[in-house]
Amino acid sequence: MKVKVPFKKRKDPEKNNGNTNNGNNTITKHSAKWQVVIAIILVLVITMCVILASVLAYVISFTNGECAIDLESYKNNQNQTTIIYAYDDNNNIYEYCRLNNSENRIWVDLSEMGPYMYKTVIAMEDKRFESHAGVDWFRTASASVRSLLSRIIPSMKVQGGSTITQQLIKNLTGEDDVTLVRKFNEITYALNLEKNYQKTEIAEAYLNTIYLGENCYGVQTAAEKYFGKNVGDLNLAECASLLAITNSPTLYDPLINPENNKERQEYCLGELLDQEKITQEEYDEAMAYDLVFTNDPDYVPSEEMKNKQKPEVQKYDFYTEYVIDSVISDLQTECGYSKNKAEEMVFYGGLRIYSAVDPDIQSVVTRVYENRETFAKEEDTEDNPAAQSAMVIMDYAGRVVGMAGEAGEKSGNRCLNRATDTTRSPGSSIKPLSIYSPSIEYNVINWSTMIPDAQIYYQGEKMPFNYGGGSGSGKNVTVQNALARSLNTVPVRILKDYLNFDRSYAFLQDRFHITSLNEKEDKNYSPLAMGGMYSGVSVLEMTAAYAAFGNGGLYYEPYCYYKVTDSKGEQVILENNSTSERAISAETANIMCEMLQTVITDPQGTTRPYGISGYPTMAKSGTTTDDHDRWFIGGTPYYVSAVWYGYDTQKEIKGVYLNPSGNIFKRVMDEIHEGLPSKDFPKSDKVVERKYCMETGLLATDSCPSTKTGWYNKDTLPATCTAHSGDTSASETTTQAAD
């Protein structure tokens, strides 16, 4: 009898070995994972410690370093007058104008502010001002917590944590963005300021730069505005009323909201009493005092205020405003100043600005625009404003010599400058920049290339229409004829068959520096071939772009000043070294210049009435859909100019004779060219004049029945016409021109 022995599975030695340490392996794996986690945490902790140590070291170094903000400089520059100079015909410098500002500010020493102003500002703005080192850490922490809780509890009021020192930093730099970087910088600057100045000096600067409504900066001008007194003559009640404004200049303006101001003033007096800065007797007297403001019927100005002459506000011309804006911008981009600091320097820093204005040209432009010479006679009311216009005149090296940004009496200082600040669709005036010059530059067309005056199919429809609604003759026309007549069909076909959207767009953006382009919207037929652009273009940029056609193909960035110095003329702060870059070849520029002259000289040219007598004139007009905008850009060998005419709120232009922009151009340019000697545009020795066959557009032979002359690059001449029998040698009418 067999005995059945229970089967025992034989153990695999390999598995045996593995199973023996299974628990240990698991522990090892877990340990490895934790070691990685701990290592990462340690790296992060060490990194954070290094960063914090670096930040702390920077703060300590910056705080204890040299003074980062010079209060004495701000004080000295508060009322220094900036002067803009110009050059006369003999290159002698003379004063063109002095700058003033609509801001009302006068610096007053703390000792002249009376006994209560210092106490009041501390009680209202920063009660621990005399004990902290520039930053009230308790107040900062409290403000941060309340700011976080306010997101959960909407009813919780958020309070500011800035000290007087920090608020002064904001006033001086103009930087008040709600960012951690800005707050960090503000704190470090405040700590630095407190290391270098006494508390009284900081308070004095704050009281002289604080905004107190009604365009008043500083307590002196505010005291004059609201009470008709010098700040040193204000009593306790008036000081509290004045500084009550700071919390919300409009809400607590005593001339507009006296009840709100009174409520805030009484709160201020209560704080002064609670902080034991005034006695109960002083408090009671101030509470009972009847405030009399300058708009009160009972107000009687003192003899001093009666005799105090208010500075006459000079109205600047548009060229001066262009200079102001350019210098402010350049101080920011080239010197790193904030906008607030740059404006302070321009209006109060006693700068000496040597402008590039031509005073004689500017006076002509100003007169024509202020008197609306050549403009249509129309009503000009708030409900029905008259047409507006803008003009820029420039030489061929970037110097802007004249400018107008508004028609009629100038509406005020720092108002809208339509020459630099607005953009409008350029219509056909864009074609030389976007279609004709790039196509000639890339040698895909020339003066006499034959293009069908016919529509194309685009997205299932025929387009475009020529001005007036025609669909085109269907016949071949030369490039020159299409430009002179301002046809739309031909540039659309050139864009489609010879160029392309990318090359055309890049030419506008990179060669001619048109900065208002929209890549998504403007890479299309209407914007590039007909000027129906998404955002439009500015008058200034169109002037600078067209200058390349008259100076041999160079682009110069427009400029309006030569240099800016300090008040003594010792330190050059900004200097304009005009440099050029090549936009197009000299040959393309010369051919385009000659072609643009035919827009005036050709019997079918669209700008025939606007040539400047005695001078070759290149020109191109532009009209937008529905006749909302009219442009004229033209130039002589002396100057190039762009003019825009239309309504601020777009509507059809009516009641005008021919092209109103052309009328303005001719009136101004005729006058500024009086007495100038004759002059020609520059010519490359590679540009030659040749006869071409009017049937084929190729170089003509003696057998061609009808010919005209055109200008060509001699290195890329068209082929010779073979359509007619006889001599096939090209006929040269004019040899290459001299430079």
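Predicted model: local features only at pLDDT ≥ 70, side-chain atom pairs only at ≥ 80, totals over all residues.
**Stop 1: two helices**

Select residues 164-173, helix α6, and residues 199-209, helix α8. The two pack at an angle of about 45°, and their axes lie 9 Å apart. Angles from 65 to 115 degrees would count as roughly perpendicular and those under 35 as roughly parallel; α6 and α8 are therefore oblique to each other. Their crossing is left-handed.

Now show the side chains at the contact. On α6, pick Ile164, Thr165, Gln167, Leu168, Asn171 and Leu172. On α8, pick Ile202, Ala205, Tyr206 and Thr209. Colour them by class: the contact of α6 with α8 has six nonpolar residues, four polar ones and no charged ones.

**Stop 2: the sheet**

Move on to the strands. Five of them form an open sheet, and its order is β7-β6-β18-β17-β16. The pairing is antiparallel.

Which strands stand at the edges? Select 400-404 for β7 and 618-623 for β16. Each has a single partner strand, so one side of each has no neighbour in the sheet. Look along the sheet as well: the twist averages 5° from one strand to the next.

**Stop 3**

Conventions:
Residues numbered from 1 in each chain as written. Heavy atoms only, no water. Axes fitted to C-alpha atoms, helices over the stretch in contact; angles between N-to-C directions. Helix = DSSP H or I, 4+ residues; strand = E, 2+ residues; numbered from the N terminus. Parallel < 35°, antiparallel > 145°, perpendicular 65-115°, else oblique. Left-handed = near helix turned anticlockwise from the far one by under 90°. Contact = heavy atoms within 4.5 Å. Nonpolar A, V, L, I, M, F, W, Y, C, P; charged D, E, K, R; others polar. Pairing = 2+ DSSP bridges.
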